[in-house]
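Good morning, and thank you for coming. I would like to take you through one structure, helix by helix and loop by loop.

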Amino acid sequence: MDAGGGIEEFPISLVVVSLTFLGSVGFAMAAMMLWQDCNFDLSPRFMKYRALEEVLEDEIYWEMALLAEDSFDKNENTLLRTQNLLYLSAVLGVMQIIPWMLFIWQSSVAG
């Protein structure tokens with residue numbers, strides 16, 4: 001091609017760097033910005049309202065145990081999804097190192 005450059009001179013390492021960088025930032029943003037429910041429904045107020053409804057104390061404790069178990073399972077799934085997104089972000093962040101080094105080396109050899 002002419003001295004103006006062209007697609008043949010565009011380093012593939014820059015494309016890989018760009019994609020891994022954008023992917024890493026994208027997964028990190030998804031982990032931070034996606035709205036996922038975390039449940040913390042157990043409170044003394046719950047016990048008070050149930051007691052005012054004249055529910056037996058044993059039944060209140062049973063209801064709270066079921067709520068706690070359900071909340072624990074849901075929160076565990078939410079944390080696992082967030083952990084997976086952050087893991088993917090870190091993997092893509094580390095994957096940038098070799099393409100960056102290759103791009104810098106290509107730039108220094110060409111220049």
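Let me begin with a term: a residue is called buried when its relative accessible area is under 20%, exposed when that value is over 50%, and partly exposed in between. Please also keep in mind that what you see is a predicted model.

With that term in hand, we turn to helix α1. Which residues of α1 are buried? They are Ser 13, Val 17, Thr 20, Gly 23, Ser 24, Ala 30 and Ala 31. The cover over these buried residues of α1 includes α3, residues 57–95, and α4.

Helix α1 runs over residues 12–33, which makes 22 residues. The expected span is 1.5 Å times one less than the number of residues, so for α1 we should find 32 Å.

Val 15 lies in helix α1 and is partly exposed, because its relative accessible area is 30%. Along the sequence, Val 15 and Pro 99 are 84 residues apart, yet their C-alpha atoms are 8.9 Å apart in space. Ala 28 is also placed in helix α1, and at 26% relative accessibility Ala 28 counts as partly exposed. Ala 28 and Ala 68 are 40 residues apart along the chain, and 29 Å separates their C-alpha atoms.

Next, helix α3. Is Ser 89 buried or exposed? Ser 89 belongs to helix α3 and has a relative accessible area of 10%, so Ser 89 is buried. If we leave aside neighbours within four places in sequence, Ser 89 is in contact with Ser 24, Phe 27 and Ala 28.

Let us follow the chain from α3 to α4. Gln 96 sits in the loop between these two helices, α3 and α4. Its relative accessibility is 10%, so Gln 96 counts as buried. What does Gln 96 contact, leaving aside its neighbours within four places in sequence? The residues are Val 17, Thr 20, Phe 21 and Ser 24.

On the α3 side, Gly 93, Val 94 and Met 95 meet Ile 97, Ile 98 and Pro 99 of α4. Sorted by class, this contact of α3 with α4 has five nonpolar residues, one polar residue and no charged residues.

How many aromatic pairs does a search of the whole structure find? The search finds one. The pair is formed by Trp 100 and Phe 103, with 6.3 Å from centre to centre and 70 degrees between the planes, and the arrangement is edge-to-face. Both residues belong to helix α4, residues 97–110, and because they are three residues apart there, about one helical turn separates Trp 100 from Phe 103. In general, an α-helix has 3.6 residues a turn, so residues three or four places apart point the same way.

Gln 36 is found in the loop between α1 and α2. With a relative accessible area of 18%, Gln 36 is buried. Not counting residues up to four places away in sequence, Gln 36 touches Thr 78, Arg 81 and Thr 82. Gln 36 and Leu 56 are 20 residues apart in sequence, and their C-alpha atoms are 34 Å apart in space.

Glu 54 is placed in the loop between α2, residues 44–52, and α3. Most residues other than glycine have a negative phi. Glu 54 is not a glycine, yet it has a positive phi of about 60 degrees. Its relative accessibility is 73%, so Glu 54 counts as exposed.

That concludes my presentation. Thank you for your attention.

Definitions and conventions
Residues are numbered from 1 along each chain as its sequence is written. This is a predicted model: local features need pLDDT of at least 70, side-chain atom pairs count only at pLDDT 80 or more; totals for chains, interfaces and linings use all residues. Side-chain values use heavy atoms; hydrogens and water are left out. Rings of Phe, Tyr and Trp (its six-membered ring) pair if their centres lie within 6.5 Å; planes under 30 degrees apart count as stacked, over 60 as edge-to-face and the rest as tilted. Helices (H or I, at least four residues) and strands (E, at least two) are DSSP runs, numbered from the N terminus. Buried means under 20% relative accessible area, exposed over 50%, partly exposed in between (1.4 Å probe, protein chains only). Contact means heavy atoms within 4.5 Å. Ala, Val, Leu, Ile, Met, Phe, Trp, Tyr, Cys and Pro count as nonpolar, Asp, Glu, Lys and Arg as charged, and the others, Gly among them, as polar.
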